[in-house]
Structures are given as structure tokens and as C-alpha cells.
Amino acid sequence: MTRFIIRRLILSIPVLIGIVFVVFALARIIPGDPCIAALGERANERSCAEYAASHGLDKAIIPGIFRVDGQIEIRPAEFPATLVDNQFVLYVQGVAAGDFGRSLKFGLPVTDLLMQRLPATVELTLYALTFAIIAGISLGIISAYRRNSIADVFTMLIANIGVSTPVFVLGLVLAYFFAVTLNGTPFELPPSARLPAGVVVPALATVWGLEGLQGPPRAIIDFLSNIFTFNALVRADWGLLGDVIRHMILPALALGTIPLAIIARMTRSSLLEELGLDYVRTARAKGLRDRTVVLRHAFRNALLPVVTVIGLQLGGLFGGAVLTETIFNLAGVGRAVTEAIGSRDYAVIQGFTLVIAIGFVLINLLVDLSYAFLDPRVRLR
Amino acid sequence: MSAAAPPALGLAEDKLQTARPASIWRDTLGNLLRQRNAVFGGAILIFFVAVAVFADQIATHGPTTVLIGVEDGAKKLTPPCVHLLGCPESQAEHYFGTDGNVRDVFSRVVHGTRISLRIGFLTVGFAIVIGTLIGSLAGYAGGRLDNLLMRLMDVLLAFPALLLAIAIVSVLGTGLLNSQLAIGIVAIPVYARIMRASVISIRERDFVTASRALGESSMGLLSRRIIPNALTPLIVQGTLGIADAVLSVAALSFLGLGAQPPEAEWGSMIGLARNTMFAAPHLVLFPGIALALTVLAFNLLGDGLRDALDPRLNR
């Protein structure tokens with residue numbers, strides 16, 4: 001198993017480097033002078049030369065390739081000299097140190113913005129994923145167990161419609177239904193923001209008297225503190241928890257529906273395949289209860305492809321979060337990206353894309369590694 | 001081998017054939033027609049194609065015509081009014097109501113069909129062409145080039161699709177064409193992988209070796225022997241890919257990165273209607289339903305095609 005894990009870890013390194021390179025390349029393709037974009041009216045020949053020198057823009061982009069006055073120049077002779085001394089290496093060093101550049105619109109380092117905005121996205125994604133997994137797997141099991149029944153046909157119909165409905169349409173329709181149509185009923189739900197107006201969440205660092213703390217530990221505490229569900233739970237603030245959940249229901253429904261449909265379909269087909277196998281017949285012949293056969297025997301074996309699909313859904317969830325956060329006015333990473341596009345704040349778009357892509361790769365790595373625990377066959381290989 | 005030999009042998013081969021085997025296409029069509037879901041999807045699709053073709057005849061107004069001064073008492077954000085359903089005759093008839101710029105929403109949704117279908121086919125077409133080229137090159141060449149190309153594809157696949165598309169559009173600039181290009185680029189790896197797998201599995205088969213021995217060129221082998229054999233998965237994935245492309249381009253347009261106003265694209269219509277959603281839900285509802293139905297049609301058809309083309313499932 002150790003060999004499997006090590007092999008899988010090594011295999012993901014080139015992909016991670018590739019991701020950094022793609023984002024870096026996108027940043028260098030952008031038309032226009034980065035100096036003028038950064039300095040605006042203060043840009044002149046001298047300040048731009050200083051800017052280029054301080055940001056390493058006068059160096060080769062990658063070994064042997066330069067960009068001079070917006071034009072790409074290939075200088076093979078300088079290849080060896082620029083092998084290490086180039087912009088890509090600088091960029092990788094920056095990224096490794098957590099430096100993604102500075103946001104022009106927000107006037108903050110991208111890293112700081114990320115720490116502010118990521119908790120909302122993580123919270124939203126977790127709610128959506130939990131909803132999708134619980135509902136998707138349950139529906140899939142019912143569907144497979146009662147194959148071709150009305151419940152099955154209905155579930156698969158819902159799954160087909162769910163997978164075809166755009167997040168932004170579903171989100172808006174849900175917002176209208178729960179905020180306008182059900183207005184005044186107990187089922188009314190808020191269509192925007194993370195909390196009711198005026199509710200302030202105390203920072204955990206303050207509550208715990210750790211305000212003097214600096215560096216990474218403080219960043220982690222602040223990060224967790226901004227995941228309001230976590231904050232409410234550790235402080236046993238049930239009123240806040242209720243508020244948070246009420247505000248999360250609609251976004252989570254909107255974002256979770258597509259993964260729900262995919263998980264339900266995968267659970268159904270995977271479980272159907274297992275239910276047709278000999279060991280299931282044996283278990284039934286032994287006189288085990290149907291429930292035990294389906295849930296204890298077949299479902300466990302059907303779980304592997306379902307876990308894979310769940311891991312792959314995360315990419316869709318991160319993409320969908322951009323739309324969901326925009327619709328429901330949640331101050332997460334996704335909305336920061338849409339705001340950044342409007343103001344051509346490339347550093348934010350690239351920094352966030354990079355962080356989320358790396359997160360996606362790492363999560364799928366964990367999913368792969370979890371096979372080793374779920375499936376003994378992988379462990380033995 | 002002499003230069004004249006291959007055609008002569010090829011001719012002999014043709015004459016030897018006595019009965020044509022049952023056509024795979026006729027088989028597939030038969031299988032497809034037995035699947036309720038696929039038939040349903042196909043029917044919706046035919047309906048939308050008809051709407052797209054006859055959009056000018058079906059639409060009651062121009063898709064971008066502002067009705068102020070054109071129609072008496074035209075007001076913005078009026079809810080749907082259909083005379084047959086009891087809307088008073090005194091009021092102008094707008095099946096889907098009017099939008100914030102006093103345009104007829106029905107006509108815009110109808111014309112949007114054209115744009116969305118075109119987006120779907122063009123985007124996936126682009127991705128398939130480039131993906132097929134990359135995949136066959138990688139599969140055919142093997143070795144380092146294969147490794148390099150496929151690792152690049154892995155990297156592209158590692159990004160959440162919509163996010164990478166946003167990053168690409170932010171570099172290329174907004175607009176319908178650029179967002180299609182971005183979604184197309186993001187979709188390339190899927191087709192490249194399918195094509196490469198097909199090439200590798202078919203490359204060493206006897207009938208390919210035979211063709212090569214008969215002197216067929218590499219391009220000929222690829223286009224006449226290998227690509228036709230890889231078509232099945234490409235068609236299935238392509239159909240499902242259209243659903244994805246329509247959705248993704250609409251999402252970009254919703255965010256303001258794709259189609260620009262006043263173009264009657266569904267995603268951008270919904271994006272513009274977002275702020276007036278609570279006063280005029282019909283502005284989101286109708287383009288939303290059209291979008292979801294189109295995507296549903298391609299999804300059902302793609303699933304049906306996969307089952308129809310899978311010999312394990314019906315023989």
C-alpha cells in the first residue's frame with residue numbers, strides 16, 4: 001500500500017507543476033503593458049523601468065524566451081544563462097511562499113483576500129456536497145432496490161432534469177420561490193447574504209484571547225473563525241447556527257443539485273451491477289434480510305465508483321460556486337472572481353484559479369488514496 | 001511492392017465481398033428508437049431545431065426590437081399576456097411578457113434557440129477537431145510526444161472547467177466567440193483521450209497492418225481505418241459534450257463574459273434579468289426553461305446513443 005501511495009503522490013507532481021505553468025502562461029499572454037495596468041496614470045518610462053526591474057519583468061519568461069514591448073522574442077543563445085534566472089522560476093518561488101501578487105481592485109495581497117473569501121466558499125461547498133451525497137446516495141439506493149418502480153422512474157426523471165438545469169437558473173427560481181412565493185409562511189428563506197443584516201460574528205481569536213498570536217497559527221484560527229458554522233458550533237451559539245443554516249439552504253440546494261443527480265445515477269447503476277452478482281444471491285439464499293444484503297453487502301462494494309464520482313464533482317462545485325455566490329450575494333472566492341473580471345484584476349483571477357485547481361488535484365489525490373482503505377484489492381496491488 | 005499493386009488488390013478485395021453486413025448505423029437507429037429517453041430527447045431536439053430554422057416566422061417581434069413607440073402602450077416588465085388564456089384584448093399580446101428594455105421576451109427566447117444550438121455544435125466541433133488531432137498524433141507517434149501531449153491534457157483536465165474558462169476569457173477578452181473558444185479549449189482533453197485510446201487499440205490490429213502492407217499512407221490509415229473505428233465514443237461524448245458546452249457558454253454569458261447585450265442569448269438574458277427577478281420572474285423562467293430543455297435533450301440523446309451503440313447491452 002505504501003508503494004501505491006508513493007506512486008500516486010509522485011504522479012501528481014507533474015500535474016501540479018503543469019497547473020502552475022498554465023496559470024503563469026495565461027498571465028504572460030495578457031495583452032497590454034502590465035506596468036500601465038498596475039501603475040495607471042503614474043506610469044511613465046522611468047517608473048515602468050523600475051516596475052519591470054522590481055517585478056522581474058525584464059527577465060526571460062521561460063528559458064530563452066523574452067517579451068520585449070509586448071512582442072515575444074526567442075533567443076536560443078541565452079537559453080543556458082536563463083535556465084534558472086527567469087520569470088517562471090520567480091513565479092514558482094512566489095507561489096510556494098504564498099505570494100500570488102496584489103489585487104488592484106481590493107488593494108490587498110491576493111493571499112489576504114483569499115484567506116478572507118475562501119471560508120465562505122468552503123462552507124458553501126461543504127453544505128452542497130453533504131446535501132448531494134446524502135440525498136444522491138439515498139435516492140440511488142431506493143432507485144436500484146425498487147428498479148423500474150414508480151419511485152425509480154421518478155427519481156431518474158428528477159436526476160435527468162437536475163443534471164440539465166443550470167445552477168444559475170435553479171438558484172434564481174429557488175430564491176424567488178422561497179423568498180417571494182412563500183413570503184410570510186414558516187418556510188420562507190432568505191435569498192441573499194450569509195447572515196441577517198446586523199448580525200456580527202465574533203472572531204474566535206478574540207473570544208479565546210489569542211489576539212497577540214501572529215503568523216500561520218493566527219491565519220488558521222481566523223480562517224476557521226470565518227467558517228461561520230464552525231464558529232457557531234465551537235462557541236455553542238445555536239442562534240447563530242440557525243441563522244447560518246437558514247442562509248445556506250438555498251445556495252446549497254442550487255449548487256448541490258447537479259452533483260446530487262450524478263451521484264444518484266452512479267449509485268443506482270453501480271448498485272444494480274452488484275445486485276446481479278452471485279454473492280448477493282448467496283447472501284439472500286442464506287436467508288439474510290433484504291436490507292442487510294443491499295446495505296451491508298452490495299452497497300459497500302458499489303461504493304467505489306460513487307466515491308470517485310464524488311471526488312470529481314468537486315471541480316464542478318468550485319465552478320458552480322462562482323455562479324451561486326454571485327446569485328446569493330455570498331462573499332466567497334467565486335464572487336471575488338466575478339468582481340475581479342469586471343475590473344480586469346488578473347492577479348485575483350489567476351491566484352484563485354491556481355489555488356482552487358491545486359485544491360481540486362489534492363482532493364482527488366485523497367480520493368484515490370481512500371481507495372486503498374475502501375478496496376482491499378487496491379491495497380494488495 | 002510495385003506502385004500499381006495496391007489499387008489492384010483493393011479492387012479484388014471489394015469483389016470478394018458477397019453480402020454487405022447489416023449496417024451499424026441501421027442497427028444503432030433501431031436500438032435508439034427502442035429507448036424511450038432517447039426518443040424523448042430526440043423529439044425535444046427536433047422541436048428546437050425547427051424553432052431555430054423557422055425563428056423568423058415564429059417570433060412575433062424582432063429579437064432586439066425595442067417596442068417603445070412601435071407598439072401602443074408598450075411597457076417594460078409586463079408579465080406574459082396570451083389572449084386565448086384570458087388576457088384582456090385591450091392589452092398587447094406578449095406570450096412571454098416584455099423585458100426591462102421593452103422587448104418581446106418570446107421572440108428573444110425563440111431567436112436564442114439559434115444562438116444556443118450554434119454555440120453547442122461549433123464549440124464541440126472545435127473541441128473534437130483539435131482533440132482528435134492531438135489524440136491521434138499522440139497515439140500514433142507514441143513515445144515522448146505522446147507523453148508530453150497527454151500530460152498537457154491531464155493538466156487541462158485538472159482545472160475546474162468553468163474556472164479555467166473564466167481565466168481564459170479574462171485573457172482573451174469577453175465576447176461570445178472568445179467564450180466559445182474558452183469552453184472549446186477546456187473540452188479538448190476529453191476528445192484527445194478518447195481518440196488516443198482508440199488509435200492505440202486499433203493501431204496494431206490486423207486490418208490496419210494489412211492496409212499498411214497494401215501501401216496506404218499514414219494519413220489514409222488514420223482517416224479511412226482508424227478514425228471511423230473511433231467514431232462511436234466520439235459521437236456519444238460529443239452529444240453529451242454539446243449539453244455541457246451550451247450550459248457553460250450560457251454560464252459565461254450569465255456572468256457577462258459571453259454574449260453581449262442586446263444579443264438574444266439565453267444566459268445573458270437571465271444575467272440581465274437577475275436584478276429584476278423579484279418583480280419579473282418571467283424574464284428568468286422562460287429562457288431558463290428553454291436552456292434546461294435543450295441541455296436535457298442532448299443529455300438524454302447522448303445517454304441513449306451510448307446504450308444503443310454498446311453491443312454488450314442488447315445482444
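The loop between α13 and α14 of chain A holds A:Asn329, where helices (H or I, at least four residues) and strands (E, at least two) are DSSP runs numbered from the N terminus. Phi of A:Asn329 is near 55°, a positive value in a residue other than glycine. A:Asn329 has 14 C-beta neighbours inside 10 Å and therefore counts as partly exposed; a residue is buried if 20 or more other C-beta atoms lie within 10 Å of its own, exposed if 12 or fewer, and partly exposed in between, with C-beta atoms placed from the backbone. The model is predicted: local features need pLDDT of at least 70 and side-chain atom pairs count only at pLDDT 80 or more, while totals for chains, interfaces and linings use all residues. Residues are numbered from 1 along each chain as its sequence is written, and chains are lettered from A and ligands numbered from 1 in the order in which they are written.

B:Leu77 lies in the loop between α4 (55-58) and α5 (105-141) of chain B, and is partly exposed, with 17 other C-beta atoms within 10 Å. In the loop between α10 (218-254) and α11 (266-273) of chain B lies B:Pro262. The peptide bond that joins B:Pro261 and B:Pro262 is cis, with omega about 5°.

Chain A as a whole contains 16 helices and two strands. Its C-alpha trace spans about 85 × 55 × 45 Å along the principal axes. Of the 381 residues in chain A, 35% are buried. Among contacts in chain A between residues at least 6 apart in sequence, 70% join residues at least 24 apart; two residues are in contact if their C-beta atoms, placed from the backbone, lie within 7 Å.

Helix α12 (residues 278-285) of chain A has eight residues, and the number buried is zero, so this helix lies largely in the open. A:Gly287, with a positive phi near 95°, follows α12(A). Elsewhere, helix α2 (residues 34-39) of chain A includes A:Ala38, which is partly exposed, with 17 other C-beta atoms within 10 Å. Leaving aside neighbours within four places in sequence, A:Ala38 is in contact with A:Tyr51 and A:Leu104. A:Ala38 and A:Asp112 are 74 residues apart in sequence and 18 Å apart in space, C-alpha to C-alpha.

Two packed helices are described by the angle between their axes and the distance between the axes. The axes of helix α5 (residues 110-145) and α6 of chain A come within 8 Å and cross at roughly 140°; axes are lines fitted to C-alpha atoms, for helices over the stretch in contact, and angles run from 0 to 180 degrees between N-to-C directions. α5(A) and α6(A) are therefore oblique to each other, since angles under 35 degrees count as roughly parallel, over 145 as roughly antiparallel, 65 to 115 as roughly perpendicular and the rest as oblique. In α5(A), A:Leu139, A:Ile142 and A:Ser143 meet A:Ala151, A:Asp152, A:Thr155 and A:Met156 of α6(A). This contact of α5(A) with α6(A) has four nonpolar, two polar and one charged residues; Ala, Val, Leu, Ile, Met, Phe, Trp, Tyr, Cys and Pro count as nonpolar, Asp, Glu, Lys and Arg as charged, and the others, Gly among them, as polar.

Between the chains, 39 residues of chain A are in contact with 36 residues of chain B. On the chain A side, α15(A) supplies the largest share, eight residues. By class, the side of chain A that touches chain B has 28 nonpolar, 11 polar and no charged residues. The contact is made by A:Val169, A:Leu172 and A:Val173 of α7(A) and B:Val284, B:Gly288, B:Leu291 and B:Ala292 of α12(B). Six of these residues are nonpolar, one is polar and none is charged.

The largest nonpolar core has 164 residues, and those with the most contacts inside it are A:Val337, B:Ala165 and B:Ile166; such a core is a set of buried Ala, Val, Leu, Ile, Met, Phe, Trp, Tyr and Cys residues joined through C-beta atoms within 7 Å. Helix α11 (residues 238-275) of chain A gives the largest share of this core, 16 residues. Not counting residues up to four places away in sequence, A:Val337 touches A:Val322, A:Val348, A:Ile349, A:Phe352 and B:Ile166.
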